[in-house]
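Visitor: I'd like to learn how to read this model, one feature at a time. Could we start with a single side-chain contact and work outwards?

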Amino acid sequence: MKFFDVGFGFQVAVDDVSAMLPYEVDSVYRTYKNYRDSGKFMSMCRGRKARTLIITKSGMAYTSAYKSHDLVRNIQELKLLNGDPDNE
């Protein structure tokens, strides 16, 4: 199982991610509140401003202080390092 860095030593399984959404959008903030209120949320920002909401297939949601395009670049670099032919 491959993991990618979401900041401050936290990692998420690459295969488990279903969406990475910019946190500044109102509908994304409402989605975050729904996950938080249902107890399926974890902050990975260490007190920094949240910039991305990561939603996983396992039903959890995480916030990251990294922007979504930085997280996508982390995943792409991970796939290149591992020689993944699926790199998109």
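Predicted model: local features only at pLDDT ≥ 70, side-chain atom pairs only at ≥ 80, totals over all residues.

Visitor: Where is T56 found, and is T56 buried or exposed?

Guide: T56 is in strand 5; helices (H or I, at least four residues) and strands (E, at least two) are DSSP runs, numbered from the N terminus. T56 is buried, at 4% relative accessible area. The cut-offs are under 20% for buried, over 50% for exposed and partly exposed in between, using a 1.4 Å probe and protein chains only. Beyond its neighbours within four places in sequence, T56 is in contact (heavy atoms within 4.5 Å) with V12, D16, V17, S18 and Y62.

Visitor: Which strand pairs with strand 5 in the antiparallel sense?

Guide: In general, strands of a sheet pair through backbone hydrogen bonds, either parallel or antiparallel. Two strands count as paired if DSSP finds at least two bridges between them. Strand 5 (residues 52–56) pairs with strand 6 (residues 61–64) over four bridges, and I54 sits opposite Y62 in strand 6.

Visitor: In what order do the four strands of the open sheet run?

Guide: The order is 3-5-6-4, with mixed pairing. Strand 3 (17–22) and strand 4 (41–44) are the edge strands, each pairing on one side only. On average, neighbouring strands are turned by 20 degrees against each other, direction ignored. For angles, axes are lines fitted to C-alpha atoms, for helices over the stretch in contact, and values run from 0 to 180 degrees between N-to-C directions.

Visitor: Which strands does helix 1 touch, and which does helix 2 lie across?

Guide: Helix 1 (residues 26–37) packs on the sheet and touches strands 3, 4, 5 and 6, its direction making about 50 degrees with that of strand 5. Helix 2 lies across strand 3, strand 5 and strand 6, at about 145 degrees to strand 3.

Visitor: How many salt bridges does a search of the whole structure find?

Guide: Two. The general idea is that side chains of opposite charge can pair when their charged atoms come close. The criterion is a side-chain nitrogen of Lys or Arg within 4 Å of a carboxyl oxygen of Asp or Glu. One joins R73 and D70, with the closest N and O atoms 2.8 Å apart. R73 and D70 are about one helical turn apart because they are three residues apart in helix 2 (residues 68–81). R73 is partly exposed at 41%, and D70 is partly exposed at 21%. The side chains of D37 and R36 also form a salt bridge, at 3.5 Å from N to O. There, D37 is exposed at 60%, while R36 is partly exposed at 37%.

Visitor: How many residues lie between strand 1 and strand 2 in their hairpin?

Guide: Two, and F8 in the turn has a positive phi of about 60 degrees. Strand 1 (residues 3–7) and strand 2 (residues 10–13) pair in the antiparallel sense over four bridges, with D5 opposite Q11 in strand 2.

Methods: Residues numbered from 1 in each chain as written. Heavy atoms only, no water.
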